Amino acid sequence: HAVLGYLGYRRKHKLGYEALEDPEIRPILSDALNESVRGIVAHYHADEGWLRAHVADLLARFANRVLADPVVRLGRDPLRKLAPSDRLVGAARVAEEAGILPANLAWGIAGALAFDAPEDTIAVQLRQRIAAEGVEAVLESVSEIRRDEPLGLAVLERYRLLHQQARWR
């Protein structure tokens, strides 16, 4: 949900299912989920078939127009979602342990850093911190991702792309 919310917000979608249908977002989301699955299987020795079925179920729920989850709701509280052991960074670290560069999870982390929904007070606090300290320092202090490590480089590259280009891949 977080990747969908952050990238959907950047592309000005209102609802999660709209973001899911976006040809820029869908492949990133699919590949981020794949990175997560591969990392979880390697780290926890989880059943890959069950995980892939779970991912298929998640994608079906994300596509459900009746639920109509707003992307702002999906992205709210980015500081929590950027924590070292939470859904984005935690998944990226597990993927790294499995020898996978989490290039697509890095899009989600970058999207969280770029999330500036004015109705989300935590997002406003994040924007203020980035303005005062710089994105590199916030990435290090909030997510414990060093700016010079492979994941940090990938996140910072994608953060810049999110602000500069309409197409990301």
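Predicted model: local features only at pLDDT ≥ 70, side-chain atom pairs only at ≥ 80, totals over all residues.
**Exercise 1.** Determine which residues of H9 are buried, which are exposed, and where they sit around the helix.

Solution. 
1. H9 covers residues 121-133, and its 13 residues reach 18 Å from first to last C-alpha, close to the 18 Å expected.
2. Its buried residues are Ala 123, Leu 126 and Ile 130. They span an arc of only 55 degrees around the axis, so they lie on the same side of H9.
3. Thr 121, Gln 128, Ala 131 and Ala 132, on the other side, are exposed.
4. The cover over the buried residues of H9 includes helices H6, H8, H10 and H11.

**Exercise 2.** Describe what is found at each end of H9.

Solution. 
1. After H9 comes Gly 134, which has a positive phi, near 95 degrees.

**Exercise 3.** Find the aromatic pairs in the whole structure and classify their geometry.

Solution. 
1. The search returns two pairs.
2. In the pair of Tyr 6 and Phe 115, the ring centres are 5.1 Å apart and the planes stand at 70 degrees; planes over 60 degrees apart count as edge-to-face, so this pair is edge-to-face.
3. Tyr 6 belongs to helix H1 and Phe 115 to the loop between H8 and H9, so the pair ties together parts 109 residues apart in sequence.
4. For Tyr 9 and Phe 115 the centres are 4.9 Å apart and the planes at 65 degrees, so this pair is also edge-to-face.
5. Tyr 6, Tyr 9 and Phe 115 therefore form one aromatic cluster, Phe 115 being in both pairs.

Note on methods:
Residues numbered from 1 in each chain as written. Heavy atoms only, no water. Helix = DSSP H or I, 4+ residues; strand = E, 2+ residues; numbered from the N terminus. Expected span 1.5 Å × (residues − 1). Buried < 20%, exposed > 50% of the residue type's maximum accessible area, 1.4 Å probe, protein only. Arc of directions from axis to C-beta. Contact = heavy atoms within 4.5 Å. Polar contact = N/O pair within 3.5 Å; in protein donor to acceptor, adjacent residues only side chain to side chain. Phe/Tyr/Trp six-rings, centres within 6.5 Å; stacked < 30°, edge-to-face > 60°.
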